[in-house]
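Reader: Could you walk me through a few features of this one, starting with how the helices pack?

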Amino acid sequence: MKIAGFLLLFSGWLLILAAIALLPAGMSRNIFALAGGSVEALGLILAVRSHLPVRSDRG
Amino acid sequence: MALTELQSALALVCLLIGPLAAAGLALINTGLGRSRNAAHAAMSALCAVSAAGCAYFVVGHTLQGATGQSIRALSLGGHAWDFAGAMPPFLMRLPASGSYTALTALMGMESVALASLIPLGGGGERWRLGSICASSAFLGAITFPLFAHWTWSGGWLRSVGYTDAGGSGTIHVVGGITALAIAWLLGPRRGKYSSEGMPMAVPGHSIVLVLFGCLLAGAGWLGLNCAGALLFSGARPERLALVAVNTLLAGSSAALASAALTRARFGRADASLTANGWVGGLVSISAGCAILPPAAAALAGAIAGTLVVFSVELLELRLEIDDPGGSISVHAISGCWGLLAAGLLGRDPAGIESVFGQLVGIATLFGFVLPLSWGVNAAMDRFFIMRAPPEGERQGMDLYELGAGAYPDFITHTDDFLQR
């Protein structure tokens with residue numbers, strides 16, 4: 001799960017790079033980059049949760 | 001890039017003050033740890049700075065390069081993307097003059113030294129010295145120089161509008177994110193969390209060291225921010241007074257914000273959180289020190305001081321990340337805020353007012369630096385165990401790794417504290 005989180009982080013960054021490299025400056029580039037940022041955020045949440053110790057009272 | 005004689009002289013003077021920031025940070029990390037680990041903390045600081053500096057000399061400066069020097073580029077989407085420098089290794093053919101290249105090499109060495117100290121705050125009291133050296137060497141050889149090239153040496157991040165004069169992202173978020181990776185890999189200190197996940201307070205052994213370290217760090221930050229503004233923001237010499245004012249203002253407002261907030265929440269101002277707030281303010285102003293008006297600098301600092309207090313609590317209580325020196329909150333969180341503040345509040349005469357560029361920079365820090373730091377340190381942990389054994393933690397890193405304590409003359413007599 002940790003590895004998946006970090007891979008998502010990296011993939012989200014690559015999406016942002018792709019947006020900058022392939023699209024001209026404008027709304028479409030910003031939206032594409034935002035999508036990449038969302039994937040990164042998901043990866044960060046996954047990485048953080050995977051590092052939390054397992055406790056019986058945690059949901 | 002050509003500098004005038006005045007710019008070269010000013011940059012050199014500023015860079016000679018810069019190492020005070022590293023000295024201050026080393027004192028802060030030492031003071032926030034327990035006395036049984038004090039010598040190890042100071043020794044780790046010296047070794048981390050040395051390992052990172054030597055690695056930067058061997059290969060780091062090659063990758064960082066300097067504006068106008070040879071580069072390595074990738075062709076993508078019809079553009080050439082400048083992703084690394086291509087300078088000779090071992091600082092060969094570095095001009096022995098006040099040239100721009102020589103000054104950026106000096107700034108790079110000082111910056112990597114400062115960045116290498118930040119993870120020590122996150123891994124304090126349980127991170128072995130050999131592993132510290134290896135991790136710092138990687139930071140100095142690869143992680144820092146790559147990101148520094150992208151931001152300071154005309155790389156691709158600069159071309160999308162990212163601005164970071166004094167290194168909020170390049171030094172502090174890089175260091176803070178590495179501290180996060182290290183804290184995750186090492187796990188919390190023995191006895192830090194109960195079986196129910198409640199954190200125990202582990203107070204530092206010398207708040208005097210911490211607070212003196214803050215003042216030293218402030219002095220060093222003045223030098224680094226002024227040098228960064230001259231070298232990487234194209235600031236004119238007459239702008240340096242504004243840079244210095246902004247730096248002191250941000251640190252001051254952050255410290256006051258932290259002190260007021262802890263007083264309001266806990267009934268008394270907390271000295272260590274105030275110290276962390278001060279450094280957080282300095283970190284937050286580094287990116288926009290040359291382009292923010294003083295009022296915006298004070299606001300940015302106050303917000304950074306507030307963020308530090310809440311962030312420390314969030315990381316320790318909710319996320320169970322043991323960060324003895326507060327490195328993640330002070331450097332990573334405040335650094336990210338500093339990058340955003342430079343985009344939101346900046347008044348840049350060169351026309352760079354791009355929040356998009358700053359967001360891309362933050363995304364790069366989390367999407368590239370964090371997986372890289374975590375992955376490389378996790379791989380190193382397979383071959384050279386990072387964490388000291390429980391017996392070593394119990395007796396203290398000073399005795400376990402160095403064979404001698406920091407304060408051999410101190411013997412605690414319990415009857416000294418009896419009322420007479």
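Author: This is a predicted model, and in it α4(B) passes α5(B) in a right-handed crossing. The two helices pack at an angle of about 130°, with their axes 9 Å apart, which makes α4(B) oblique to α5(B).

Reader: Okay, and which residues in α4(B) and α5(B) meet there?

Author: From α4(B) the contact includes Tyr100(B), Met107(B), Gly108(B), Ser111(B), Val112(B) and Ala115(B), and among their partners in α5(B) are Ile132(B), Leu139(B), Gly140(B), Phe144(B) and Trp152(B). The residues of this contact divide into nine nonpolar, five polar and no charged.

Reader: Switching to α7(B), how many of its residues are buried?

Author: In α7(B), 18 of the 19 residues are buried, so this helix is largely enclosed by the rest of the structure.

Reader: And what should the helix span, going by its residues?

Author: At 1.5 Å a residue, α7(B), which covers residues 168-186, should span 27 Å, and the 25 Å between its end C-alpha atoms agrees with that. The helix is followed by Gly187(B), where phi is positive, near 80°.

Reader: Which residue other than glycine has a positive phi?

Author: Phe90(B) is one of them, with phi near 60°, and Arg93(B) also has a phi near 60°. Phe90(B) lies in the loop between β2 and α4 of chain B, and Arg93(B) is placed in the loop between β2 and α4 as well.

Reader: Is Arg93(B) buried or exposed?

Author: Arg93(B) is exposed, with a relative accessible area of 71%, whereas Phe90(B), at 43%, is partly exposed.

Note on methods: Residues numbered from 1 in each chain as written. Chains lettered and ligands numbered in written order. Predicted model: local features only at pLDDT ≥ 70, side-chain atom pairs only at ≥ 80, totals over all residues. Heavy atoms only, no water. Helix = DSSP H or I, 4+ residues; strand = E, 2+ residues; numbered from the N terminus. Expected span 1.5 Å × (residues − 1). Buried < 20%, exposed > 50% of the residue type's maximum accessible area, 1.4 Å probe, protein only. Axes fitted to C-alpha atoms, helices over the stretch in contact; angles between N-to-C directions. Parallel < 35°, antiparallel > 145°, perpendicular 65-115°, else oblique. Left-handed = near helix turned anticlockwise from the far one by under 90°. Contact = heavy atoms within 4.5 Å. Nonpolar A, V, L, I, M, F, W, Y, C, P; charged D, E, K, R; others polar.
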